[in-house]
Amino acid sequence: MRIAVLVPAPDYPEPWCWAFDVEAAALVAAGAKVEPIAWTEADDLSRFDLVLPLVAWGYHLAFERWLQLLDRAESECWPLINPPALLRWSSDKAYLTELADAGVATVPTMAVEACCDADLDEARRSFDCESLVIKPPVSASATGTHRLGPRDDIPAESRRRPMIIQPLIEEISRTGEFSLMLFDGEFSHAVVKRPRSGDFRVQEHLGGVTLPSNAPPGAERLACQALAAAPAKATYARVDIIPDDEGTLRIMELELIEPALFLEHAPDGGAAFARAILSAAESVPKEPLSDR
């Protein structure tokens, strides 16, 4: 089994091998051959049996190019896992409003096309809160994410741009954000990500820490409910969940494209991940890409 794992462009500034290495090692241990391919240079993949966008970090920085790659993958029937339709859907965080409409408990979310003061006023009324978080609908690693108090102006980079608006959940600074890893719909393991003191962002490059954790009661059921509402089956998924300020678990995000899966904390060392990937390979087209 020859697997291409899509990784960042050569000029991507952040280290990424820490995520690739542990995932590749699990696949190699299961008998696969793994090669990293920059997603921006994914031209001829005909020698591969599977294509995984597991470390395609930076896609949000060249989003139109990313969408073109997904269109090409779909039209040429690439053996891509997760499937293009699911990757496209989860590329834009406005999917949170769709999950909410489907009855999934999510962090309350407004998606606006040109963020302005009137949008913030409406969000505060709707969410019954004073402090908000805004972020681009296509983003990663907390890029462009801002906390806005009642007297804060919209940052220039965010004004009149498409934005996601959410209430600030104070509980995240105390409890943190739980990430549940599911492979082929089955729970594998969890971690908790906690922000540094005084912050609400949990990313490690912003001072956050990631620790192994049990999933809180009810989190597995919520994760499965959210994945069931997605437009296609996810072979691999990281579901980020937080308790709100009343203790209700809510979906923060579905990471279905290029999530860090923290396999170093998996009790089986990533064996369930590798089984799910290799099992999914049976349902993708078998003929070489060059023949399609």
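The legends below describe an overall view and several close-up views of one predicted model. In this predicted model, local features need pLDDT of at least 70 and side-chain atom pairs count only at pLDDT 80 or more, whereas totals for chains, interfaces and linings use all residues. Residues are numbered from 1 along each chain as its sequence is written, and side-chain values use heavy atoms, with hydrogens and water left out.

**Figure 1. Overall fold of the chain.** The secondary structure comprises seven helices and 12 strands; helices (H or I, at least four residues) and strands (E, at least two) are DSSP runs numbered from the N terminus. The radius of gyration is 19 Å, close to the 19 Å given by the globule rule for 292 residues, so the chain is as compact as a globular protein of that length. The radius is taken over C-alpha atoms, and the rule is 2.2 Å times the number of residues to the power 0.38. Along its principal axes, the C-alpha trace spans about 60 × 40 × 35 Å. Of the 292 residues, 54% count as buried (under 20% relative accessible area, with exposed over 50% and partly exposed in between; 1.4 Å probe, protein chains only).

**Figure 2. The largest cavity.** A search of the whole structure finds one cavity of 30 Å³ or more, and the volume of the largest cavity is about 30 Å³. On a 1 Å grid over the protein atoms alone, a cavity is a set of points where a 1.4 Å probe fits but cannot get out; a pocket is an open set with protein on both sides within 12 Å along at least five of seven lines; lining residues have an atom within 4 Å of a point. Grid points are joined across faces, edges and corners, and a volume is the space filled by probe spheres set on the points. The lining consists of Lys93, Tyr95, Leu96, Lys135, Ile164, Gln166, Met252 and Glu253. Helix H4 (95-101), strand S7 (163-167) and strand S12 (249-255) each supply at least two of the lining residues.

**Figure 3. The second largest pocket.** This pocket has a volume of about 220 Å³. Its lining has 13 residues, of which Phe127, Pro167, Ile169, Asp245 and Glu246 lie nearest the centre.

**Figure 4. Surroundings of tryptophan 16.** Tryptophan 16 is located in the loop between strand S1 (2-7) and helix H1 (17-29). Apart from neighbours within four places in sequence, tryptophan 16 is in contact (heavy atoms within 4.5 Å) with Val7, Pro8, Pro36, Val55 and Trp57. The C-alpha atoms of tryptophan 16 and alanine 260 are separated by 9.6 Å, although these residues are 244 residues apart along the chain.

**Figure 5. Histidine 60 in its loop.** Histidine 60 is placed in the loop between strand S3 (50-52) and helix H2 (63-75). Its relative accessibility is 15%, so histidine 60 counts as buried. With neighbours within four places in sequence left aside, histidine 60 is in contact with Val138, Ser139, Ala140 and Thr143.

**Figure 6. Backbone features in two loops.** Cysteine 77 lies in the loop between H2 and H3 and has a positive phi of about 55° although it is not a glycine. With a relative accessible area of 38%, cysteine 77 is partly exposed. Asparagine 82 is placed in the loop between H2 and helix H3 (84-90), and the peptide bond from isoleucine 81 to asparagine 82 is cis, with omega near 0°. Aspartate 184 occupies the loop between strand S8 (177-183) and strand S9 (186-194); its phi is near 55°, a positive value in a residue other than glycine. At 34% relative accessibility, aspartate 184 counts as partly exposed.
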